[in-house]
Amino acid sequence: MSDANGGTVRTRFAPSPTGWLHVGTARTALFSYLHARRHRGTFVLRIEDTDVERNVERGAEGIADALGWLGLRADEGYGVGGPRGPYVQTERLDRYHASVASLIERGLAYRCWCTPEELAERRKAAQAAGRPPGYDGRCRDLPDAQIRAYQAEGRVPAVRFRLPDEGETVVTDLIRGTVRFDNATLTDFVALRPNGIPTYLFAAVFDDVDMGITDVIRGEDLFPATPSQLHVFRALGREAPPRFAHLPLLVGPDGRKLSKRLGAVAVEEFRAQGYLPEALVNYLALLGWALDDHTEHFTLAELERVFELERVSRNPAQFDPRKLEALNGWHLRELSADDFAARSLEFVRRAGYPDADQDLLRRAAPLVSERVTRLDQVPGMVGFLLDDEVELDPDAAAKVLDAEGRAFLDAATKLLQAVEPWTAEAIETTLRALQAERGLKPKKAFQPIRLAITGTLVSPPLFESMELLGKPRSLARLERARVHPG
């Protein structure tokens, strides 16, 4: 695919550094990235930081780090560089000022001297009269005498972009189709604030023109801004605007807009809970897009080959944390033992096992990966392998260390002392023979052993766990459980 002017596809992701990367914003980044990759184009990262009061320290760095963790690496932009920088809006103020001055000179923009109080008063009066509350054009054609009077008062003007009063503006969207807007409903918007900072409506368009962006992929909440921005594109010399694709809203399982009331909503939070980037990318891709009616598992590389914006639905997409966790479990099971151990190690060490051995985690991986859906669950599964002071769960002890359970534990301890080699197969053969001899059901027979070895009644497979723990440590734990008061 090429743009309307015959060039290659150039998409951009332009977040504001006001906090962590929301999963909805991350989906926008993913779709922009995939569209560029699908068409062998360029993915640009731009930081829109003109809302200075809301910016957070190192916000841009955090966003770039989250994108890198997801595997969405920009070809050009913030942290990467490129020929069309700078890629941070507050470093481009001189360009905006020069462009706005040119628009004023050409009669496409004008200075607005209205105070916030005057604007609020007129907006209130318009609403009371049943008129649209937008700007009324008061300063469009002020006489020089009035301008001098405002200057004498010390007023500092904003600059508004002049929009047409008649006709219609047609927006063509790759997802929503063609929508027509009556120009009478559009109002002159502020392009440059009195403090010299541009607004989103102007700065985003200027940057898209300056950076040669051919495809603008963003959330549907910005769709109403599109007709006004189309006029800015033309004013800046871009007769053929970019292709637009406004992505559907993300909602929670309750159908309401996704927010923290549902728990984690930031990429960084999911990362800290032990979700894999592969799983999060896979899940986000399925929110509003589908290849067909049955394929659910994708790698990023596969998505780069098959993603098409034309397959994105215009209906709201439901973000279900349970489905994400299930998908994360699938991706965990797909990891090699070495990879599973390497990724688990950080979580295990943070959980209080600073000396955890990666090789031990590698050997435990086949047992553990089938039983966890997040990496932060791994420490609870392998802690018994790392801590010889593990305490027996008191409720579990009271439940299984009855007379019959203790008798089986005593007999098992004696028989296991003779087991050689110490393998899961040999351990299982010995214990199952004893179970059959005693006429016990497996659960009744083996729960006291499981409690002695792991401290709980929920653990990886018992016989394999004992092999990993080793014979001396396993026998020591069985002896300790034999004398436990229960």
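Helices are DSSP runs of H or I of at least four residues, numbered from the N terminus. The model is predicted, with local features needing pLDDT of at least 70 and side-chain atom pairs counting only at pLDDT 80 or more, while totals for chains, interfaces and linings use all residues. Residues are numbered from 1 along each chain as its sequence is written, and side-chain values use heavy atoms, without hydrogens and water.

**View A. Packing of helix 13 and helix 14**.

**View B. Residues between helix 13 and helix 14**. From helix 13, Leu360, Leu361, Ala364 and Val368 meet Val378, Met381, Val382, Leu385 and Leu386 of helix 14 (contact: heavy atoms within 4.5 Å). The residues of this contact are nine nonpolar, no polar and no charged (nonpolar: Ala, Val, Leu, Ile, Met, Phe, Trp, Tyr, Cys and Pro; charged: Asp, Glu, Lys and Arg; polar: the others, Gly among them).

**View C. Arg374 in the loop between helix 13 and helix 14**. Arg374 has a relative accessible area of 19% and is buried (under 20%, with exposed over 50% and partly exposed in between; 1.4 Å probe, protein chains only). Beyond its neighbours within four places in sequence, Arg374 contacts Gln273, Gly274, Tyr275, Glu325, Asn328 and Leu332.

Note on methods
Axes are lines fitted to C-alpha atoms, for helices over the stretch in contact, and angles run from 0 to 180 degrees between N-to-C directions. Helices (H or I, at least four residues) and strands (E, at least two) are DSSP runs, numbered from the N terminus.
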